[in-house]
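Here is a friendly briefing to read beside the model on your screen. Have the viewer open and follow along.

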Amino acid sequence: MKAFDCRLEVVEAPADLNKNELSLLDQALKATEKAHAPYSDFHVGAAIQLEDGTFVLGCNQENSAYPSGLCAERVAFFTAGVQHTGKKIVGLAITARSGRHNDSGPAVPCGACLQVLREVEKRQDALIPVLLKGSGTTVWKAPGLVHFLPFSFDL
Ligand code: THU
């Protein structure tokens with residue numbers, strides 16, 4: 001069996017990113033500031049870039065009945081699914097900040113989000129480049145969600 005080659009690049013300084021990557025991260029930061037996270041104090045923002053250049057944002061939406069809330073990534077992807085049906089997603093940035101938890105490093109999407117995001121990647125038959133950033137300067141960069149979840153569920 002051939003091993004999956006997981007390609008994750010650690011970029012130590014955002015200055016090493018290109019203009020488009022920087023603006024995608026900037027959009028994710030804007031989304032992070034919109035998070036409704038009074039229970040966890042863990043604010044997550046996701047920014048999607050569509051093939052026509054449009055940005056679609058998502059942020060975590062918490063609820064006092066905890067499991068009723070939703071992660072930033074799924075808010076963004078489901079919004080794109082209804083507001084921009086059929087348009088290809090060409091980029092994703094996720095940023096996080098918290099007053100209560102360690103937020104210095106990048107926050108990797110949870111397993112449920114990875115399953116959803118990876119299925120979109122398969123459906124559009126094109127990888128979605130990903131950027132992850134916490135409150136520190138380090139950025140994790142991967143060519144697609146498949147590099148985080150190489151073996152996703154399939155029907
Ligand atoms: N959260 C996200 O928004 N994305 C993830 O991938 C992981 C976790 C949110 C859910 C909850 O509002 C808070 O972060 C703490 O778990």
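What follows covers the sheet, its strand pairs, the ligand site and a few residues in loops.

This is a predicted model, in which local features need pLDDT of at least 70, side-chain atom pairs count only at pLDDT 80 or more, and totals for chains, interfaces and linings use all residues. Residues are numbered from 1 along each chain as its sequence is written, and side-chain values use heavy atoms, with hydrogens and water left out. Helices (H or I, at least four residues) and strands (E, at least two) are DSSP runs, numbered from the N terminus. Two strands are said to pair if DSSP finds at least two bridges between them.

**The sheet as a whole**

- Six strands make up an open sheet with mixed pairing, in the order β1-β6-β5-β4-β2-β3.
- β1 and β3 (55-59) are the edge strands, each with a single partner, so one side of each has no neighbour in the sheet.
- On average, neighbouring strands of this sheet are turned by 20° against each other, direction ignored. Axes here are lines fitted to C-alpha atoms, for helices over the stretch in contact, and angles run from 0 to 180 degrees between N-to-C directions.
- As background, strands of a sheet pair through backbone hydrogen bonds, either parallel or antiparallel.
- Helix α1 (residues 19-32) lies across β2 (42-50), β3, β4 (89-98), β5 and β6, and runs at about 140° to β2.

- Strand β1 (residues 9-11) runs antiparallel to strand β6 (residues 139-142), and 3 bridges join the two. Here V11 is opposite V139 of β6.
- β6 also pairs with strand β5 (residues 130-133), in the antiparallel sense, over 4 bridges.
- 5 residues separate β5 from β6, and the two strands form a hairpin.

**Strand pairs around β2**

- β2 is largely enclosed by the rest of the structure, because 8 of its 9 residues are buried. Buried means under 20% relative accessible area, exposed over 50%, and partly exposed in between (1.4 Å probe, protein chains only).
- β2 and β4 run antiparallel and are joined by 9 bridges; H43 stands opposite R97 of β4.
- With β3, β2 pairs in the antiparallel sense over 5 bridges, and A46 has G58 of β3 as its bridge partner.
- β2 and β3 form a hairpin with 4 residues between them, and G53 in the turn has a positive phi of about 95°.

**The ligand site**

- Which residues are around the ligand? They are S40, F42, V44, N60, E62, C71, A72, E73, P109 and C110, each with a heavy atom within 4 Å of the ligand.
- Polar contacts are pairs of N or O atoms within 3.5 Å; within protein, one must be able to donate a hydrogen and the other to accept it, and residues adjacent in sequence count only if both atoms are side-chain atoms.
- An oxygen atom of the ligand lies 2.5 Å from a polar side-chain atom of E62, and an oxygen atom of the ligand is 2.9 Å from a polar backbone atom of A72.
- The side chain of E73 has an N or O atom 2.8 Å from a nitrogen atom of the ligand.
- On its own the ligand has 370 Å² of accessible area, and the protein covers 74% of that. These areas come from the Shrake-Rupley method with a 1.4 Å probe; for residues, only the protein chains shown count as cover.

**Residues in loops**

- N60 sits in the loop between β3 and α2 (72-83) and is buried, at a relative accessible area of 7%. A polar atom of the N60 side chain lies 3.0 Å from the backbone nitrogen of V44.
- P14 is in the loop between β1 and α1 and is partly exposed, at 22% relative accessible area. The C-alpha atoms of P14 and K133 are 9.5 Å apart, although 119 residues separate them along the chain.
- D41, in the loop between α1 and β2, has a positive phi of about 55° although it is not a glycine. D41 is partly exposed, at 23% relative accessibility.
- D125 also has a positive phi, near 55°; it lies in the loop between α3 (111-123) and β5 and is exposed, at 70% relative accessibility.
- For context, most residues other than glycine have a negative phi.

Conventions
Contact = heavy atoms within 4.5 Å.
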